[in-house]
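Subject: Structure handover

Hello,

Here is the structure I said I would pass on. My notes on what was found in it follow below.

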Amino acid sequence: MLDINLLRNDLNTVVAGLKARGVEFNTQQFQDLEEQRKKLQVETEQLQARRNSIAREIGQKKAKGEDVSDLLAESKAIPAQLNALSTQLGQVQEALRALLIELPNLAHETVPVGDDERGNLEVRRWLPGLGFVADQLPPEFGFEVQDHVSLGEKLGLNFPAARKLSGARFMVLNGGLARLHRALTQFMLAVQTEQHGYEECYTPYIVNSASLFGTGQLPKFKDDMFWVTKGGANHTDEEEEENGDLYLISTSEITLTGMFRDEIIERERLPLKFTAHTPCFRSEAGSGGRDTRGIIRQHQFDKVEMVQIVHPDHSYEALEEMVGHAEAILQLLELPYRVVTLCTGDMGFSAAKTYDLEVWVPSQQTWREISSVSNCEAFQARRLQARFRPEKGRPQYVHTLNGSGLAVGRALVAVLENYQQADGSVRIPKVLQPYMGGQTVLAEQ
């Protein structure tokens with residue numbers, strides 16, 4: 001959530017920043033609400049001052065033996081007037097809050113301005129055996145390339161079973177392909193914890209609405225979530241009151257960041273670095289029928305997430321560090337990729353700056369997102385009330401960052417397609433072979 005004082009003190013800058021993100025802000029509505037707020041606060045302060053003045057006058061007059069009946073009558077009317085003002089002020093403040101919670105974060109000054117992905121800027125690209133290169137594509141295969149569906153269906157990708165169980169946009173993996181999926185997950189977790197210093201966590205897959213509000217999924221993206229219907233003989237009213245509405249997580253960013261809702265963190269603990277492997281559930285309400293073939297866009301997929309909670313002075317250093325942590329996975333897997341800076345019109349709701357890592361998909365002859373790493377600055381922390389205690393002064397909001405390290409299903413797609421051989425078998429990347437019991441090739445049985 002944006003700092004309301006920023007709107008009060010520099011409204012033109014906020015309006016321009018929101019416009020760059022494709023949002024037309026209703027300044028008149030905001031200014032009208034602000035005028036009402038100021039008026040009500042002034043009236044409240046004046047009435048409180050009058051109440052104190054009356055109390056002094058009553059004391060003075062009583063000491064002189066004078067009549068105080070008029071003052072007592074006025075004094076008795078004040079509480080009801082203050083309550084009425086308080087109600088009106090609460091309504092105005094709630095209207096201001098409702099206005100604020102629909103606004104996205106403002107982009108950092110280094111973010112390019114653009115309407116959609118066409119405005120994104122490539123930062124660098126990396127090819128196996130060549131390292132960082134400029135404007136160069138991976139070499140062509142010496143045979144006709146198959147896509148991951150054609151390859152996977154011979155190796156254990158079972159869409160008929162998934163459709164029978166759940167419907168479209170789900171997958172079943174069998175045998176060596178299921179093990180390769182698990183190997184990718186274990187490898188990613190090992191690198192993030194052992195080499196990059198993240199603490200591994202296991203968190204719930206079901207969260208309450210307060211957690212989703214804190215990280216920015218609610219209320220704007222409710223239709224992208226899977227909602228959980230509760231019931232059963234053991235379900236109690238107490239649980240209903242404690243948990244409220246429940247949803248399946250769309251990313252463990254929600255839980256890893258949300259753990260610090262309403263917390264004040266000691267400064268010495270920063271930075272906090274967490275990783276978790278979880279399934280992620282997304283309705284894909286806005287996908288518009290894209291990627292209906294294969295496993296690139298699923299209702300359920302796995303991801304190894306990275307989250308950092310840092311001092312505000314160090315969040316952009318942390319952002320570059322986290323991009324490097326995601327890149328390290330792709331380099332160790334020897335997969336071609338590039339890094340792009342997202343423009344203002346392509347960034348997520350909570351982000352101030354985002355880098356996407358895009359892996360090469362040979363069958364599509366294009367780059368596809370496999371990781372998105374974002375600095376949300378204080379936007380999520382303000383919604384979560386996640387703060388740290390500085391050396392001096394009042395608690396301040398932390399900065400939160402999140403990124404995929406990596407999306408497991410898309411990494412599986414990239415391995416299948418980039419490591420395919422002419423006979424339809426797939427070589428297993430060297431770094432994954434220890435997790436595969438020394439197996440070097442996946443082949444149709």
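Is Glu 305 buried or exposed? Its relative accessibility is 1%, so Glu 305 counts as buried, the limit for buried being under 20%. Please keep in mind that this is a predicted model.

Glu 305 lies in strand S9, which covers residues 300-310. Glu 305 has a salt bridge to Lys 303, with 2.5 Å between the closest N and O atoms. Lys 303 is buried as well, at 6% relative accessibility.

Other salt bridges

The whole structure contains 16 salt bridges. One of them joins the side chains of Glu 122 and Arg 338, at 2.9 Å from N to O. This pair connects distant parts of the chain, since Glu 122 belongs to strand S1 (residues 121-127) and Arg 338 to strand S10 (residues 337-341), 216 residues apart. Glu 122 has a relative accessibility of 32% and so counts as partly exposed. Glu 122 and Arg 338 also belong to a network of salt bridges that includes Arg 125 and Glu 358.

Another salt bridge is formed by Arg 97 and Glu 94, whose closest N and O atoms are 3.8 Å apart. Both residues are in helix H4 (residues 69-101), and because they are 3 residues apart, about one helical turn separates them. In general, an α-helix has 3.6 residues a turn, so residues three or four places apart point the same way. Arg 97 is partly exposed, with a relative accessible area of 36%. Glu 94 is partly exposed too, at 44%.

H13 packs against helix H7 (residues 175-195) at an angle of about 115°, and the two axes are 10 Å apart. The crossing is right-handed. On the H7 side the contact is made by Leu 177, Leu 180, His 181, Leu 184, Thr 185 and Met 188. On the H13 side it is made by Val 408, Gly 409, Ala 411, Leu 412, Val 415 and Leu 416. Of the residues in this contact, 9 are nonpolar, 3 are polar and none is charged.

Nonpolar cores

The largest nonpolar core has 52 residues, and Leu 184 and Met 188 have the most contacts inside it. H7 contributes the most to this core, with 8 residues. Leaving out neighbours within four places in sequence, Leu 184 is in contact with Val 408, Ala 411, Leu 412 and Val 415, and also with Leu 333 and Leu 432. There is a second, separate core of 30 residues, which includes Ile 4, Val 14, Val 92 and Leu 100.

Regards

How values were computed. Residues are numbered from 1 along each chain as its sequence is written. This is a predicted model: local features need pLDDT of at least 70, side-chain atom pairs count only at pLDDT 80 or more; totals for chains, interfaces and linings use all residues. Side-chain values use heavy atoms; hydrogens and water are left out. Helices (H or I, at least four residues) and strands (E, at least two) are DSSP runs, numbered from the N terminus. A salt bridge is a side-chain nitrogen of Lys or Arg within 4 Å of a carboxyl oxygen of Asp or Glu. Buried means under 20% relative accessible area, exposed over 50%, partly exposed in between (1.4 Å probe, protein chains only). Axes are lines fitted to C-alpha atoms, for helices over the stretch in contact, and angles run from 0 to 180 degrees between N-to-C directions. A crossing is left-handed if the near helix is turned anticlockwise from the far one by less than a right angle, and right-handed if clockwise. Contact means heavy atoms within 4.5 Å. Ala, Val, Leu, Ile, Met, Phe, Trp, Tyr, Cys and Pro count as nonpolar, Asp, Glu, Lys and Arg as charged, and the others, Gly among them, as polar. A nonpolar core is a set of buried Ala, Val, Leu, Ile, Met, Phe, Trp, Tyr and Cys residues joined through side-chain atoms within 4.5 Å.
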